[in-house]
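Please open the model in a viewer and keep the selection tool at hand.

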Amino acid sequence: MKKRFQPKFNIKKGDNVIVIAGDDKDRSKSRKVLAVYPQKNRVLIEGVNMVTKHLKPNAQNPQGGIVQEEAPIAISNVMLWDAKAKAPVRIKRERKEGGFVRISKKTGEEIK
């Protein structure tokens, strides 16, 4: 069985990102990343790309109903937000202490 290539992204869970493309109501929002799906090239962002989902009644939700929840968007439509630069930034990766660190190309500082 052939192993699939694991893509490497500069965006991680918990990062603040800004939406640079997509629906007008979501564009230019700076929000927190809830999950990253590397095999699908998608990210789940808090309060962005809200969809309506109809739930059937079940044991946890005996009433059922309609709920709003986030749907993933393409990772190419977001950029990492640097709080120090107060702007979206591109990232370079450098090897330090046996691992990689992310460095902002705009400020040259490490991103935690």
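Begin with the open sheet of three strands, whose order is 9-10-11 and whose pairing is antiparallel. Strands here are DSSP runs of E with at least two residues, numbered from the N terminus, and two strands pair if DSSP finds at least two bridges between them. Strand 9 (91–96) and strand 11 are the edges, each having a single partner strand, so one side of each has no neighbour in the sheet. The model is a predicted one: local features require pLDDT of at least 70 and side-chain atom pairs count only at pLDDT 80 or more, whereas totals for chains, interfaces and linings use all residues. Residues are numbered from 1 along each chain as its sequence is written, and side-chain values use heavy atoms, with hydrogens and water left out.

**Stop 1: strands 9 and 10**

Select strand 9 together with strand 10 (residues 99–104); six bridges join the two, which run antiparallel. Then pick K92, whose bridge partner in strand 10 is I103.

Next, select S104, which is also in strand 10. Is S104 buried or exposed? S104 has a relative accessible area of 1% and is therefore buried (under 20% relative accessible area; over 50% is exposed and in between is partly exposed, with a 1.4 Å probe and protein chains only). Setting aside residues up to four places away in sequence, S104 touches D82, V89, R90, I91, E109 and I111, where contact means heavy atoms within 4.5 Å.

**Stop 2**

Move to the open sheet of six strands, ordered 6-3-2-1-7-8 with antiparallel pairing. Strand 6 (73–74) and strand 8 (87–89) stand at the edges with a single partner strand each, so one side of each lacks a neighbour in the sheet.

Within this sheet, display strand 1 and strand 2 (residues 30–37), which pair in the antiparallel sense over three bridges. I18 stands opposite S30 in strand 2, and N16 has K32 as its bridge partner there. Continue from strand 2 to strand 3: four bridges join these antiparallel strands, and A35 stands opposite L44 in strand 3. The hairpin of strand 2 and strand 3 has four residues between the strands, and N41 takes a positive phi near 55 degrees in it.

**Stop 3: the largest nonpolar core**

Which residues have the most contacts inside the largest nonpolar core? They are I11, V17, V19, V43, I45, I73 and V78, in a core of 14 residues. A nonpolar core is a set of buried Ala, Val, Leu, Ile, Met, Phe, Trp, Tyr and Cys residues joined through side-chain atoms within 4.5 Å. Strand 1 (16–19), strand 3 (42–45) and strand 7 each supply at least two residues of this core. Centre the view on V78: leaving aside neighbours within four places in sequence, V78 is in contact with I11, V17, I18, V19, I20, V43, I45 and I73. In soluble globular proteins, nonpolar side chains tend to be buried together.

**Stop 4**

Turn to the largest pocket, which holds about 260 Å³ of space. On a 1 Å grid over the protein atoms alone, a pocket is an open set of points where a 1.4 Å probe fits, with protein on both sides within 12 Å along at least five of seven lines; lining residues have an atom within 4 Å of a point. Grid points are joined across faces, edges and corners, and a volume is the space filled by probe spheres set on the points. Select W81, D82, A83, I111 and K112, the closest to the pocket centre of the 14 lining residues. Strand 7 (78–82) and strand 11 (110–111) are the elements that give two or more residues to this lining, and strand 7 gives the most, with three. The lining divides into four nonpolar, four polar and six charged residues; Ala, Val, Leu, Ile, Met, Phe, Trp, Tyr, Cys and Pro count as nonpolar, Asp, Glu, Lys and Arg as charged, and the others, Gly among them, as polar.

The second largest pocket has a volume of about 210 Å³. To display its lining, select F9, N10, I11, I75, S76, V78, M79, L80, V89, R90 and I91. They divide into eight nonpolar, two polar and one charged, and strand 7 gives the most to this lining, with three residues.

**Stop 5: Q68**

Finish at Q68 in strand 5 (residues 65–70). Q68 counts as exposed, at 53% relative accessibility. Apart from residues up to four places away in sequence, Q68 touches M50, V51 and T52. A distance drawn between the C-alpha atoms of Q68 and H54, 14 residues apart along the chain, reads 8.9 Å.
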